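Please look at the charged side chains first.

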Amino acid sequence: MTDLESNLSSVQERIAAAARRAGRDPGDVTLVAVTKMQPPEVIQAAYDLGLRHFGENRVGEAEEKVGELPTDITWHMIGHIQSRKANRIVPLFQIVHSIDRLKIARRLNRICPEESTPLPVLLEVNVSGEESKDGFSASRWDSDAVERAALFAAVEEMLSLDHLQVQGLMTMAPIVADAESARPVFVHLRQLRDALVTAFPAANWHHLSMGMTDDFEVAVEEGATLVRVGRAIFSPDLPAWRTG
């Protein structure tokens, strides 16, 4: 068994165990392998082991890889989107996790071909309150009426965009030494999702994209449907760069 195969098997087993602890079906959790800085041949090897969902942080890096790899891969855009590069997103990615402001949502909506299927997107929300984190402000959505109103107004506009299909929420937890310390962030995101289900019941709020190498098991226990894991699969001995 190769190191990659062993690493992948370990991550998959940990996801399944975390799901079972929470009384969930492991099949409800999708592993998105974060392939930042990984060459096409490594991604191909992971594909050959059964992975079909891969996440990239940068448009330029994705452009160098996507055309060299199988066409049935689902590519996830998980990094910050620069407005000037938004037009390059649509041809590359099948789902975008990182819609962190209305400007980007509106721009992607204009770019999507008129006749195309709506582009699946997730709203990136900052539920931890860290200034370094991107995303719609949501650390006090449940206690600050002004923040809640602004967030829900942004959501309402995004749901009206014809060429985007909102499918849930994404967040990044703070860097912590103990994964348990990230649990309140994941709980807060799930609670926000539940509030949005109530406020906008016709929308699709299925996905919670949360959890990375250092905390994905806790995220799964709290309802993650998409976990973004890179280092634990490809280079577990490297320090935590928070790229997966």
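The model is predicted. A search of the whole structure finds 17 salt bridges.

| Pair | N to O distance |
|---|---|
| D72 and R52 | 3.6 Å |
| E157 and R106 | 2.6 Å |
| R183 and E180 | 2.6 Å |

D72 and R52 form a salt bridge. The pair links distant parts of the chain, 20 residues apart: D72 is in the loop between α3 (59–65) and β3 (74–77), and R52 is in the loop between α2 (40–48) and β2 (53–56). D72 counts as partly exposed, with 42% relative accessibility. R52 is also partly exposed, its relative accessible area being 30%.

E157 and R106 meet through their side chains in a salt bridge. This pair, too, links distant parts of the chain: E157 belongs to helix α5 (residues 145–159) and R106 to helix α4 (residues 102–111), 51 residues apart. The relative accessible area is 26% for E157, which is partly exposed. For R106, likewise partly exposed, the value is 35%.

E180 is partly exposed at 41% relative accessibility. Both residues belong to a network of salt bridges that links R21, E180, R183, R190, E221 and E222.

How values were computed: Residues numbered from 1 in each chain as written. Predicted model: local features only at pLDDT ≥ 70, side-chain atom pairs only at ≥ 80, totals over all residues. Heavy atoms only, no water. Salt bridge = Lys/Arg side-chain N within 4 Å of Asp/Glu carboxyl O. Helix = DSSP H or I, 4+ residues; strand = E, 2+ residues; numbered from the N terminus. Buried < 20%, exposed > 50% of the residue type's maximum accessible area, 1.4 Å probe, protein only.
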